[in-house]
Amino acid sequence: MLEELRKRVEAGGAEKYHAANAARGKLFARERIALLVDEGTFVEDGMFANVLAEGLPADGVITGTATVDGRPVCLMANDSTVKAGSWGARTVEKIIRIIEKAYDTGVPMVYLVDSAGARITDQVELFPGRRGAGRIFHTQVRASGSIPQACALFGPSAAGGAYIPAFCDVVAMVEGNASMYLGSDRMVEMVTGEKTTLEAMGGARVHCAESGVGHFLCKTEAEAIETVRRYLSYLPSNWTQPAPVAAAAAATGLPEIPASERQAFDMRKFVRGLVDEGSFFEIQALWARELTVGFARIDGRPVGVVANNSLFKGGVLFVDSADKATRFVQLCDAFNVPLLFLADVPGFMVGSAVEKQGIIRHGAKMITAISEATVPKLCVVVRKAYGAGLYAMAGPGFEPDATIALPTAKIAVMGAEAAVNAVYANKIAALPDDEARAAFVASARAEYERDIDIMRLASELVVDTVVEPGALRDEVARRFAAATGKDRQFSRRRHGVTPV
C-alpha cells in the first residue's frame, strides 16, 4: 500500500495535464528538480501531504534537500499538474518549513515556481493565520542576505504568489510561459476597464526588460535551471562564508578605448577583456542598460562588477539604473563578494521628467548602498566620472580601497563643454562673431582640461594611482588581495533609514 501511494504521489496530476504542459514545452516538476540537482541527492520532505484527499498528490508542491555541484541546497517546486500548482494549507506549510530549514542550516534556497496562486476554496486555512501564506514572505525576508535565494519561473506566479519571486535575489523567467501579475487580465478589466493579456501585462519579457522584476530572460526551462546553477556558483552558501574560488583563467585583454569621451563605448567588452575568460555573468542585461552589473572572476576569485555603459543613453544614470545598482551592490555586500566599479559616467539625468520620477531619491538610494557596502571595493575611472556620477561609482569620498585611473580618465564637477558654457555664457554671447567665440571657447576648454588633468589629481592624492590599460588587471587583483582582511564595521546603529 505504501509503495502504491508513493508511486501515485510521484506521478503528479492526471495525464491530460502532463500532456498539456508538454505541448507548451514545460517539464514535469520532478524533471525540473532532476535537472537542477546532483543525481541521486534529492531527499523529499512532506511527500504524503494531503495524501488522503482526491487528486492532490503532495498537495501540489515538492520540497526537500539536495546538492548542486556538491553543495547542499533546499528547494521547492510547484507541480502545475495538480490544480495548476495552486496553494492549499499544506502547500503553504511545506513551503514555510523548507525555507526555515534553509535558513536554519545556512544553505541556499531555490524556488522552481509554476503556480496559479491560492485556492480560494481553502482561503480560511491558508491565508490569514500565523502559519498562513504571509508567513512565507516573512520567512523569505528574514532569510534575505543570510542565504542566497534564487528562482526559476516556468509558468504563472499569480496574485500574492508573485511575491515569492520578488523576494528572491534573482529570477530566471522562461519566455512565452512565465508570468508574474497581481491580478489576472479578467480581474484588471473588471476593476479598471483596461483590456490586456497576461503576456502584455506580466510576461517574461515585460519583467526582464521593463519592470526589472525579472533578471534573466531564458528561451527554455533547461536554460533557466542552468542559470540558477551558475548564479549559485559565484556565491557562498551563506553570509558567514567567503565566496567560492574557482580555477583561474587568463583574460583576453582589454579592447581599445576611444579617445573621445563622446564616442559610445560598450563597457561589456571592456569587462570581458579584464576578467577571467568566460567568467562574466551579466545580471538584468535587458533592463536599465546604461548600467551593466554582474559577477565575474579575476584569478578565479568572484567579484561583482558595476559599470557605466555609454552605448546606452550615453551611460547617464536614470531612476531604473540607480535601483539596479542599489540591489546588486547590496547583494554583493551581503554575500562577501568584492565590488569593482568601472566609471564612464556623465552623471545623473536631469530634467522635469526624471525629477518627477524621483531621481534624487533613487540616486540617494544608490549612494546609500555604496556607502554601506563594507566588502573590498575598487573604483576605476576608465574615461570620465562627472558630478554625482563620481559618488555613485564609489569615488574617493566613499572609502574605496583604492581609486585607480587610466590615462584617459577625467574627474570633474562637469565636462569641459558644459563647464565653459556655465561659467562664460554671457561673455561668449557678447563676443562679436563666431570666429571670436570659437577661439575663446577653445582657450577656455584647454584651461579647464589642464585644471582637471589626471596627473594633477594624482599629485593631489585624489586618485591613488594611474595605470596603463595593460596593467589594470594585475593592479586590481593585487588591490583586492590586499583588502581581503579589512574591517567590515560601518556604523553604530541597527540600520539606516533608506531613501526608498
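**Pocket and cavity**

Tutor: Start with the elements: α7 (163-166), β6 (170-174), α13 (319-334) and α15 (359-372) each give at least two residues to the lining of the largest pocket. Helices (H or I, at least four residues) and strands (E, at least two) are DSSP runs, numbered from the N terminus. This is a predicted model: local features need pLDDT of at least 70, side-chain atom pairs count only at pLDDT 80 or more, and totals for chains, interfaces and linings use all residues. Residues are numbered from 1 along each chain as its sequence is written, and side-chain values use heavy atoms, without hydrogens and water.

Student: What is a pocket, and what is a cavity?

Tutor: Take a 1 Å grid over the protein atoms alone. A cavity is a set of points where a 1.4 Å probe fits but cannot get out. A pocket is an open set with protein on both sides within 12 Å along at least five of seven lines. Lining residues have an atom within 4 Å of a point. Here the largest pocket holds about 1400 Å³ of space. Its lining has 45 residues; Ser144, Gly145, Gln330, Leu331 and Ala334 are the closest to its centre.

Student: Which element gives the most to that pocket lining?

Tutor: α13, with nine residues.

Student: And how many cavities of 30 Å³ or more are there?

Tutor: One. The largest cavity has about 30 Å³ of space. Its lining is Met76, Asn78, Trp87, Val113, Ser115, Ser157, Gly161 and Ile164. β3 (71-78) and β4 (109-115) are the elements that give two or more residues to this lining.

Conventions: Points joined across faces, edges and corners; volume = space filled by probe spheres on them.
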